[in-house]
Amino acid sequence: MRKSPAYLVIIFLIPFLPFAAIAQADSSFVDNAVSNALQQYRTAVGVHAHLYNGPEYHVPVKPHVEGHQFYQDKIYQNGTVKYDGAWFEDVPMLYDLVQDELVIVNHGSGQPQRLVKNRVDAFKLHGHTFVRLQADSTTGSSIQPGFYDLLYSGSVQVLMKREKTLFERASTEGMEGEFRDASNFYLVKDEIYHPVSNKRSVMRVLQDQKKPLNKFASTNKLRFGKEREYAIVKTAEHYDSLQR
């Protein structure tokens, strides 16, 4: 396939710009981004070379779809990843919530690349720590292997499977679509993974402290509907404080 000059510019800009096309960027911004990208890769390529062994990552561009499939941002952000047992810092990455794939940029080709999932133990991105659960660690549970956001870890753990689903439909004006959140929460107690979605399901798992936890939730006005992540984490934290 013939590669145009614009294509070559995009290669260098990928770690700093949106994953989508950037043809409308002004020239001074482009020049600065290219310079910064080149400097970063001259410094980092030797350190990160071990990461560049995964398959190519490709997502078809669908102009009619609103939003994006990534965690928080479609712009590459520096993160930390534990790969083959070693930690690598300052790695520009994206986390695809539809495919459950961690995406970096291959320095040699300049193309987006998927990290080999079974070689990723954990990664940190946007201030959150994600861990990979393997099939043998979830035996007998209702959750699937993959990456999970470790929101809290104490005598109980709070895990969140961040996920997005693409919905597409035909309309009188053509195709329409958007990405919708499809995330799920889990409480891990006594090495058993419990799916939780509301206050009742949380209290069912933590029933040995149900009365004080209900009082805590009421006093602090925890909203398990609109602020589910916050409410579940705070309840788990208080549960641990009652155990001491």
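Are Phe-123 and Phe-147 buried or exposed? Phe-123 is buried, and so is Phe-147. Here are some notes to go with the model, which is a predicted one.

1. Let's stay with those two rings for a moment. The ring centres of Phe-123 and Phe-147 lie 5.3 Å apart and the planes meet at 85°; that angle is over 60 degrees, so the pair is edge-to-face.

2. A search of the whole structure turns up 7 aromatic pairs. Another of them joins Tyr-71 and Phe-130, with ring centres 5.3 Å apart and planes at 75°, so this pair is edge-to-face as well. Tyr-71 belongs to the loop between β1 and β2 (77–83), while Phe-130 belongs to strand β7 (residues 128–133), so the pair ties together parts that are 59 residues apart in sequence. Both Tyr-71 and Phe-130 are buried.

3. Which residues form one aromatic cluster? They are Tyr-71, Tyr-95, Phe-123, Phe-130 and Phe-147.

4. Now for the nonpolar cores. The largest has 22 residues, and those with the most contacts inside it are Val-158, Leu-187, Val-196, Val-202, Leu-206, Phe-224 and Ile-232. Two or more residues each come from β8 (146–153), β9 (157–161), β12 (184–189), α3 (199–205), α4 (210–219) and α5 (228–243). Helix α5 gives the most, with 5 residues. A second, separate core has 18 residues, among them Tyr-71, Leu-102, Ile-104 and Phe-130.

5. Leaving aside residues up to four places away in sequence, Leu-206 touches Val-156, Leu-187, Lys-189, Leu-213, Thr-235 and Tyr-239.

6. Two charged side chains are placed over rings. Lys-124 lies over the face of Trp-87, at 5.4 Å from the ring centre. Arg-180 lies over the face of Phe-167, at 4.0 Å from the ring centre.

7. Finally, have a look at Glu-56, in the loop between α2 (27–48) and β1 (65–66). Why does Glu-56 count as exposed? Its relative accessibility is 56%, and exposed means over 50%. Even so, Glu-56 touches Gln-111, Pro-112, Gln-113 and Arg-114, not counting residues up to four places away in sequence. The C-alpha atoms of Glu-56 and Leu-115 are separated by 9.0 Å, although the two residues are 59 apart along the chain.

Conventions:
Residues are numbered from 1 along each chain as its sequence is written. This is a predicted model: local features need pLDDT of at least 70, side-chain atom pairs count only at pLDDT 80 or more; totals for chains, interfaces and linings use all residues. Side-chain values use heavy atoms; hydrogens and water are left out. Helices (H or I, at least four residues) and strands (E, at least two) are DSSP runs, numbered from the N terminus. Buried means under 20% relative accessible area, exposed over 50%, partly exposed in between (1.4 Å probe, protein chains only). Contact means heavy atoms within 4.5 Å. A nonpolar core is a set of buried Ala, Val, Leu, Ile, Met, Phe, Trp, Tyr and Cys residues joined through side-chain atoms within 4.5 Å. Rings of Phe, Tyr and Trp (its six-membered ring) pair if their centres lie within 6.5 Å; planes under 30 degrees apart count as stacked, over 60 as edge-to-face and the rest as tilted. A charge sits over a ring if NZ of Lys or CZ of Arg is within 6 Å of the ring centre and within 35 degrees of the ring normal.
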